[in-house]
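Thanks, everyone; I would like to take a few minutes to walk through one protein with you. Please look at the sequence and the structure first, and then I will go through what was computed from the atoms.

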Amino acid sequence: MAHIYIFSPSSAVRDKAAFRRGVRRLQAQGHQVELDEAALASHMRFAGDDATRVAAITRAAASGADVAMIARGGYGLTRILPALPYKQIAKAIDGGMQFVGLSDFTAFNQAVYAKTGCISWQGPALGEDFGPEQEPDDIMQACFDDLLLEQGEGTGWQLPKAEAERRVVVKDAPLWGGNLTVLTSLLGTPYFPQVKGGVLFLEDVGEHPYRIERMLTQLLHAGVLAQQKAVLFGQFSNYKLVPAHDKGFKLATVVDWLRSQTKAPVLTGLPFGHVETKVLLPVGAKVDLVTEARDALMVWGHI
């Protein structure tokens, strides 16, 4: 049984039924679920005003929980990054607390890594992953259970056939990344980690491939991509092509273009993003990445 603290650092919870289902599911799994006093707060589109959300993060860090998980993503964390209690967050992580979330939580992951060097996780959110009417995805659940049991030491996935020819071996590289839109918005700020020789993973939702390419171009021109040992594409979901206008321009076009612009291997298919099947990824951990034919394996060891 784990102590799981639920807090809302970004957008207000819209689907309260999913929120309640998520709480019940975690409780049914035997966990102690503690809800932040402002978890269901609402101020404009946010889960409380800026001060309320900073206070929620501070309470999460002080809760003594095993896991601090966001209720949902959305938008709002970049507004409050200067006010985050970084010393308290680092102390909580050093004491064994795992902060977990995705999407807008990318801002938290990167800022904490940049300011403290501490590891936090890209992973599930309460409503999105534990709150659907159907049962949670088996792989996501297994990875979350591994985190709670301190048994999750890596992940693997299958590459497309076209990527099977090039063998990739990366050793002892910092893993970082998350939502591409949020990550790119931090470029040029103190909250963007200066990572050299890293493995950068990216995902996004609702963004047309030309927008994905535009953001990648910004990272490319800023010199970020040239400093990485590998770039991993997670899942880019819920966008619509316009065949009459795109005329064959699609996500695969973007991937091919990126490969022509950087020496770092670009691998696709990482099971992570705004999709049901997602692994958990430790932002800031050192990883080994190896591919053999269509098999990709990334290992970070005990955290």
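This is a predicted model: local features need pLDDT of at least 70, side-chain atom pairs count only at pLDDT 80 or more; totals for chains, interfaces and linings use all residues.

Let me begin with D172, which sits in strand 7, residues 169–179, where strands are DSSP runs of E of at least two residues, helices are runs of H or I of at least four, and both are numbered from the N terminus. Residues are numbered from 1 along each chain as its sequence is written, and side-chain values use heavy atoms, with hydrogens and water left out.

As background, most residues other than glycine have a negative phi. N238 also has a positive phi, near 60°, and this residue lies in the loop between strand 9 (228–237) and helix 10 (243–246). N238 is exposed, with a relative accessible area of 64%, where exposed means over 50%, buried under 20% and partly exposed in between, using a 1.4 Å probe and protein chains only.

Residues 4–123 are 42% helix and 16% strand, with end C-alpha atoms 14 Å apart, whereas residues 174–289 are 29% helix and 28% strand, with end C-alpha atoms 11 Å apart.

For the protein as a whole, there are 11 helices and 13 strands. The radius of gyration is 19 Å, close to the 19 Å that the globule rule gives for 303 residues, so the protein is as compact as a globular protein of that length; the radius is taken over C-alpha atoms, and the rule is 2.2 Å times the number of residues to the power 0.38. Along the principal axes, the C-alpha atoms fill a box of roughly 50 × 40 × 40 Å.

Finally, of the 303 residues, 55% count as buried. Among contacts (heavy atoms within 4.5 Å) between residues at least 6 apart in sequence, 80% join residues at least 24 apart.
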